[in-house]
Amino acid sequence: MAGKEYWISARGCVYNTNYHFVWSTKYRRKVLIGKIAEDLKELHEQIAKEKGVTLVTQEVMPDHVHLFIIMHPKFAPADIVKIFKGITAKKLFEMHPEIKSRLWNGHLWNPSYYVGTCGDTTKETVKMYIETQKVK
């Protein structure tokens with residue numbers, strides 16, 4: 001199992017929850033470039049700070065976004081995605097109204113997303129740890 005150096009202690013729990021999120025622009029339009037991409041990265045950092053989420057790393061591609069975050073288990077991954085996508089779409093449209101003309105119906109993000117979990121142990125290690133608990 002992961003060492004204590006990877007654990008985060010919070011009220012009522014200890015956790016090590018790492019998520020990789022990916023979502024794309026509507027119609028995979030390549031609108032996340034230049035100043036728009038820079039502003040999006042800053043917005044991600046602000047949102048993470050406000051919500052108590054650790055933004056480990058991020059990359060903004062012209063038509064999609066990657067976020068690697070650590071978050072408290074009280075947050076559902078779907079809720080975090082809604083927060084990030086909702087706030088960034090609203091703010092980017094305010095900051096860069098010209099991108100609306102490149103997107104039909106004024107939607108910035110595709111409604112779907114990818115989420116994967118990452119940890120410091122493999123599935124096999126966790127399975128073996130659980131199966132050997134009664135042996136101890």
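By class, eight nonpolar, three polar and three charged residues make up the lining of the largest pocket, where Ala, Val, Leu, Ile, Met, Phe, Trp, Tyr, Cys and Pro count as nonpolar, Asp, Glu, Lys and Arg as charged, and the others, Gly among them, as polar. The model is predicted, with local features needing pLDDT of at least 70 and side-chain atom pairs pLDDT 80 or more, while totals for chains, interfaces and linings use all residues. Residues are numbered from 1 along each chain as its sequence is written, and side-chain values use heavy atoms, without hydrogens and water.

The largest pocket holds about 210 Å³ of space; among its 14 lining residues, Lys-82, Lys-85, Gly-86, Trp-109 and Pro-111 are the closest to its centre. A pocket is here an open set of points on a 1 Å grid over the protein atoms alone, where a 1.4 Å probe fits, with protein on both sides within 12 Å along at least five of seven lines, and lining residues have an atom within 4 Å of a point. The volume is the space filled by probe spheres set on the points, joined across faces, edges and corners.

Strand 3 (residues 18–24) is joined to strand 6 by five bridges, and Tyr-19 stands opposite Thr-117 in strand 6.

Two helices (DSSP H or I runs of at least four residues) lie across strands, with contact meaning heavy atoms within 4.5 Å and angles, from 0 to 180 degrees, taken between N-to-C directions of lines fitted to C-alpha atoms, for helices over the stretch in contact.

Notes. Pairing = 2+ DSSP bridges.
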